[in-house]
Amino acid sequence: MSNFKTLDDLGDITGKVVLLRVDLNLPMKDGSATDVTRVEAVKPTILELADKGAKVLLLAHFGRPKGQRHSTMSTSFVQGDVEKVLGKEIMFIPEVMGPVVEQSIGILRDGDIGLLDNVRFWPGEEANDPEFAKGIAAHGDLYVNDAFSAAHRAHASTEGLAHYLPAYAGRAMEAELKALDAALGNPEAPVAAIVGGAKVSTKLDVLHNLVGRVQHLVIGGGMANTFLAAKGVDVGKSLCEHDLADTANRIMDEADHAGCTVHLPYDVVVAKEFAANPPSLRTSNVHEVAKDEMILDIGPLAVEALGDVLKTCRTLVWNGPLGAFETEPFDAATVSLAKTAAALTQDGSLISVAGGGDTVAALAQAGVKDDFTFVSTAGGAFLEWMEGKDLPGVAALTA
Ligand code: ADP
Ligand code: MG
């Protein structure tokens with residue numbers, strides 16, 4: 001995974017045209033972005049290439065136009081937000097290939113930045129059509145991919161272009177790949193994985209992959225209910241996939257054979273109704289959950305025990321909250337264990353990598369997002385990586 005080229009491998013790129021794949025699929029409200037984290041993530045790469053005198057052409061998708069021009073999904077909608085984050089004007093180019101692109105490149109000076117239109121306006125993008133990729137590649141001298149979040153898709157702009165131009169990982173991609181490699185590729189043992197969230201069914205491949213790679217597998221959230229039920233525990237009216245009992249048992253057997261300890265909670269936080277601070281709230285041993293109660297978080301004893309496990313570990317990879325963290329006080333376990341992991345990371349005893357939409361939100365809620373070694377905002381690509389899959393966008397860079 002480490003044999004990809006980075007910006008350190010670029011020679012003199014003065015006057016060269018760089019096709020730079022970025023993630024500009026920003027959440028929008030009333031015509032402007034509500035969160036520019038994705039732009040901030042690629043800013044160092046954009047500015048480094050521009051500072052080196054390249055003409056930088058940003059290539060991105062925006063929404064799901066399904067291979068057709070769509071007036072509401074032009075990347076021109078994010079031009080202002082990108083300019084604000086970069087502190088620089090950029091030129092919008094309403095095509096991805098052809099004479100308009102060629103003329104625009106002629107107008108751009110060395111170090112200038114252009115923004116191509118939504119690459120998904122053309123069906124060749126998602127079909128990864130070689131002719132389409134060649135058509136875009138014809139305008140550039142180099143291809144840089146800085147969009148890890150799109151690397152699980154084999155599209156022309158995320159995978160195809162790497163076959164027709166010298167290909168490099170941008171700084172954000174480089175950081176992400178190094179962090180993921182340190183967490184699961186070549187991690188320092190012992191390694192703990194925390195897998196939480198709502199349902200086992202959405203994370204079967206993650207669990208199968210992890211049991212063979214980590215020494216401690218912590219299962220929390222609604223998923224823990226399914227595992228507890230599989231062991232014969234009565235989980236009342238908790239969120240639980242009873243039909244996955246066999247699967248859960250098989251995963252526990254696999255873990256046993258691989259020498260991986262599976263940690264399930266022995267105390268839990270329960271309530272009769274799912275609401276903030278409900279009157280029926282109580283902490284219970286897992287064996288004493290009533291028929292009309294549901295498990296909404298793991299309990300304080302479990303959190304303390306898991307903290308002790310993390311203290312013996314060198315590496316942690318975390319996906320999925322331990323409880324229904326959006327509602328008070330069912331965020332308590334997630335917040336508490338996140339703080340422990342953050343403190344161990346800051347002490348230098350733990351390498352901590354986390355990802356997943358709700359996981360990132362939960363870590364932000366705990367106020368420790370910046371105290372982990374790396375927090376991935378890549379969503380689908382992060383999960384596919386946790387499933388042990390080869391990501392085509394990454395594979396193309398390392399070929
Ligand atoms: P991520 O987005 O980080 O991959 P998931 O989407 O898999 O995480 O899971 C997050 C969801 O799981 C949250 O909405 C949370 O409320 C829910 N959840 C966690 N524990 C429970 C539980 N015990 N009962 C019901 N929902 C839960
Ligand atoms: Mg989610």
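A residue is called buried when its relative accessible area is under 20%. With this term in hand, the reader may turn to the structure above, which is a predicted model.

Consider strand β4, which spans residues 55–59. In a regular strand the side chains alternate between the two faces of the sheet. In β4, Lys55, Leu57 and Leu59 lie on one side, while Val56 and Leu58 lie on the other. Both faces are covered, for each of these residues is buried. The strand is accordingly described as mostly covered, with five of its five residues buried.

The partners of β4 come next. Strand β1, formed by residues 17–21, pairs with β4 in the parallel sense over five bridges. Within this pairing, Leu20 stands opposite Leu58 of β4. Strand β6, residues 113–116, also runs parallel to β4, and three bridges join the two.

Attention now passes to ligand 1. The shell around this ligand holds 18 residues, and the closest are Lys203, Gly323, Glu326, Asp358 and Thr359. The side chain of Lys203 has an N or O atom 2.7 Å from an oxygen atom of ligand 1. A polar side-chain atom of Thr359 is found 2.5 Å from an oxygen atom of the ligand. Gly323 instead contributes a backbone N or O atom, which lies 3.5 Å from a nitrogen atom of ligand 1. On its own, ligand 1 has 590 Å² of accessible area, of which the protein covers 83%.

The space that ligand 1 takes is the largest pocket. Elements giving two or more residues to its shell are α8 (221–230), β14 (294–298) and α12 (357–366). Of these, α12 gives the most, with three residues.

Terms used. Residues numbered from 1 in each chain as written. Chains lettered and ligands numbered in written order. Predicted model: local features only at pLDDT ≥ 70, side-chain atom pairs only at ≥ 80, totals over all residues. Heavy atoms only, no water. Buried < 20%, exposed > 50% of the residue type's maximum accessible area, 1.4 Å probe, protein only. Helix = DSSP H or I, 4+ residues; strand = E, 2+ residues; numbered from the N terminus. Pairing = 2+ DSSP bridges. Near = heavy atom within 4 Å. Polar contact = N/O pair within 3.5 Å; in protein donor to acceptor, adjacent residues only side chain to side chain. Areas by Shrake-Rupley, 256 points an atom, 1.4 Å probe, with all protein chains shown as cover. 1 Å grid on protein atoms, 1.4 Å probe; cavity = no way out; pocket = protein on both sides within 12 Å on 5 of 7 lines; lining within 4 Å. Sits in = over half its atoms within 2 Å of the grid points.
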